[in-house]
Amino acid sequence: MKNASLFIYDISYLVTMDHEHRVLRNAWIWIEDGFIKELGTNEYPEALPENVYRLSGSGKILIPGLVNTHHHFYQNMARAYTPGNNLPLLPWLKHMNKLWKNFRENDLNLCTCLGLAELMLSGATTVVDHHYVFPEGAENMIDAQFDAASQMGVRFHAGRGSMNVKSDLISDWALQSEDAILEDTERLISKFHSDEKGCWQQIIIAPCAATSCSESLLRSSAEMAKKHRVGLHTHCGETVAENEFSLEHFSSRPLDYLLECGWDYNRAWLAHGIHFNNSELKALSKHGVGIAHCPNANMRLGSGICPVPKMLEQGIKVGIGVDGSASNDSGHILGELRQGLYLARVDGGAEAMSAIDALELGTWRSAELIGRDDIGRIAAGFCGDCALFPVYELYSNGCENAVDALLICHPRQVCDLIVGGNIRISNGNISSVDLDELMHSHRNRAEQIQNNLH
Ligand SMILES: [Zn+2]
């Protein structure tokens with residue numbers, strides 16, 4: 001992926017998300033070769049080349065590109081799937097898991113393009129997906145996702161998921177051997193992974209859950225992540241039923257079990273983190289293990305409320321995950337932050353979280369969670385990734401505080417999206433894909449998958 005240079009001027013509100021939470025008025029930002037070189041409010045920089053591409057920020061709010069830390073794109077072919085629409089996690093999952101026997105790389109490519117379009121139009125520039133379904137004959141799923149992410153033009157961190165234990169919830173065709181999983185993970189790390197500043201592709205080792213992976217696979221996954229210094233990720237602490245299952249089968253609660261399997265690793269993060277007790281919260285903080293907070297999925301499945309403010313007070317890393325796409329069932333990341341803001345208030349009162357706190361969750365805190373210190377803020381040296389939203393549109397017209405309105409008013413879509421200095425969305429139009437054509441192909445295939453046609 002290429003970096004580019006860009007000068008954005010007359011920005012009505014530039015929300016830096018820097019350490020002082022500065023919001024600059026009538027500001028400019030100069031991105032050179034993919035990275036932020038300077039930002040300011042008055043005179044343009046003297047060294048600014050005449051021929052640099054220029055974009056007006058008039059009437060717009062600019063924020064750092066949002067970072068999504070947990071998702072399953074493949075599920076967007078089973079959104080609002082009737083059998084699971086009014087069920088909790090495990091029965092919902094049982095219906096969901098039946099659908100994918102004939103799901104192949106081309107299908108995941110469509111799902112990834114569609115899911116990325118949703119995220120990008122709502123402000124995301126860096127995206128994690130957790131893919132763990134590899135039916136026989138579809139071994140190159142993650143390669144297909146990287147193709148899609150390159151086409152769409154975002155930074156993509158692929159969670160190479162895995163399942164190797166049969167249960168009521170999972171059929172044989174969805175399982176792989178531990179050797180095959182580890183071999184493919186090694187291949188993907190050497191083919192795609194980079195941890196250089198400004199990198200576009202990373203691999204995360206991501207067993208689906210302790211309930212669908214053997215102890216040996218959980219251990220080997222943690223060892224391999226530590227050896228290559230890559231991210232490590234799974235689901236944990238989502239439901240009370242999971243705690244009960246874990247006590248019955250492993251004689252310990254889910255987090256203790258993972259830690260016993262070597263997950264005491266500061267590049268590990270867990271999706272959900274709802275049902276942890278105080279000593280488990282201390283363990284998360286001590287080991288630097290973070291949480292991807294997925295408020296919509298937690299509400300949709302009635303799983304509970306992740307105690308985000310309490311976690312932040314205890315120094316636990318927390319970021320935002322839209323999760324889904326069939327337990328959300330959409331991928332609007334700004335909308336997810338709004339739900340996170342209000343769910344925290346349901347739990348802890350109106351002062352439990354501010355609009356800026358919620359924006360932190362989607363920017364530098366999510367970046368920190370996935371192990372990146374080069375995205376999530378608008379500051380010199382950071383990647384030139386930013387989302388520009390209209391200050392006024394139907395759902396925010398008449399607002400007094402334009403920045404808070406981004407979270408407090410109904411979520412809107414970006415007018416422009418910049419990744420590494422490249423304009424990916426301009427005037428609300430996404431340039432990398434024909435959205436109508438993509439939606440048509442995706443819808444047709446979704447219909448076949450839902451009806452098990454082929
Ligand atoms: Zn998930």
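**Exercise 1. Where is the place of Asp-329?**

Solution. 
- Start with the ground rules. Residues are numbered from 1 along each chain as its sequence is written. This is a predicted model, in which local features need pLDDT of at least 70, side-chain atom pairs count only at pLDDT 80 or more, and totals for chains, interfaces and linings use all residues.
- Helices (H or I, at least four residues) and strands (E, at least two) are DSSP runs, numbered from the N terminus.
- Asp-329 sits in the loop between S13 and H11.
- Now look at its backbone. The peptide bond from Asn-328 to Asp-329 is cis, with omega near 0°.
- Ser-325 is also in the loop between S13 and helix H11 (333-348). A cis peptide bond joins Gly-324 to Ser-325, with omega about 15°.

**Exercise 2. Describe the overall build of the protein.**

Solution. 
- Count the elements: 15 helices and 17 strands.
- Take the box along the principal axes: the C-alpha atoms fill roughly 65 × 45 × 40 Å.
- Check burial. Of the 454 residues, 52% count as buried. A residue is buried if 20 or more other C-beta atoms lie within 10 Å of its own, exposed if 12 or fewer, and partly exposed in between; C-beta atoms are placed from the backbone.
- Check contacts, which need C-beta atoms, placed from the backbone, within 7 Å. Among contacts between residues at least 6 apart in sequence, 75% join residues at least 24 apart.

**Exercise 3. Trace the sheet around S9.**

Solution. 
- An open sheet of eight strands runs S6-S7-S8-S9-S10-S11-S12-S13, with parallel pairing. Two strands pair if DSSP finds at least two bridges between them.
- Find the edges. Strand S6 (66-68) and strand S13 (318-320) each have a single partner strand, so one side of each is left without a neighbour in the sheet.
- Neighbouring strands are turned by 25° against each other on average, direction ignored.
- Go to strand S9 (residues 201-207). Six of its seven residues are buried.
- Take one side of S9. Seven bridges join it to strand S8 (residues 155-162) in parallel. Gly-161 stands opposite Ala-206 in S9. The chain goes from S8 through helix H4 (residues 178-192) to S9, a right-handed β-α-β crossover. Right-handed means that, with the strands pointing away from the viewer, the path from the first strand over the helix to the second runs clockwise.
- Take the pairing with strand S10 (residues 231-236). It is parallel, over two bridges. Ile-204 has Gly-231 in S10 as its bridge partner. S9, helix H5 (residues 215-228) and S10 form a right-handed β-α-β unit.
- Move on from S10. Five bridges join it in parallel to strand S11 (residues 268-272). Thr-234 stands opposite Leu-270 in S11.

**Exercise 4. Which residues does Leu-258 touch, not counting residues up to four places away in sequence?**

Solution. 
- Judge its burial. Leu-258 is buried, because 28 other C-beta atoms lie within 10 Å.
- List the contacts: Ala-210, Leu-218, Cys-236 and Trp-263.
- Follow one of them. Leu-258 and Cys-236 are 22 residues apart along the chain, and their C-alpha atoms are separated by 9.0 Å.

**Exercise 5. Is Met-17 buried or exposed, and is Arg-229 buried or exposed?**

Solution. 
- Met-17 lies in the loop between strand S1 (6-15) and strand S2 (23-32). Met-17 counts as buried, because it has 22 C-beta neighbours inside 10 Å.
- Arg-229 lies in the loop between H5 and S10. Arg-229 is exposed, because 11 other C-beta atoms lie within 10 Å.
- Now compare phi. Met-17 has a positive phi of about 55° although it is not a glycine. Arg-229, a residue other than glycine, has a positive phi near 60°.

**Exercise 6. Describe how the domains meet.**

Solution. 
- Count the contact: 23 residues from domain 1 and 25 residues from domain 2.
- Find the top contributor. H14 gives the most to the side of domain 1 that touches domain 2, with four residues.

Technical notes:
Two residues are in contact if their C-beta atoms, placed from the backbone, lie within 7 Å. Axes are lines fitted to C-alpha atoms, for helices over the stretch in contact, and angles run from 0 to 180 degrees between N-to-C directions.
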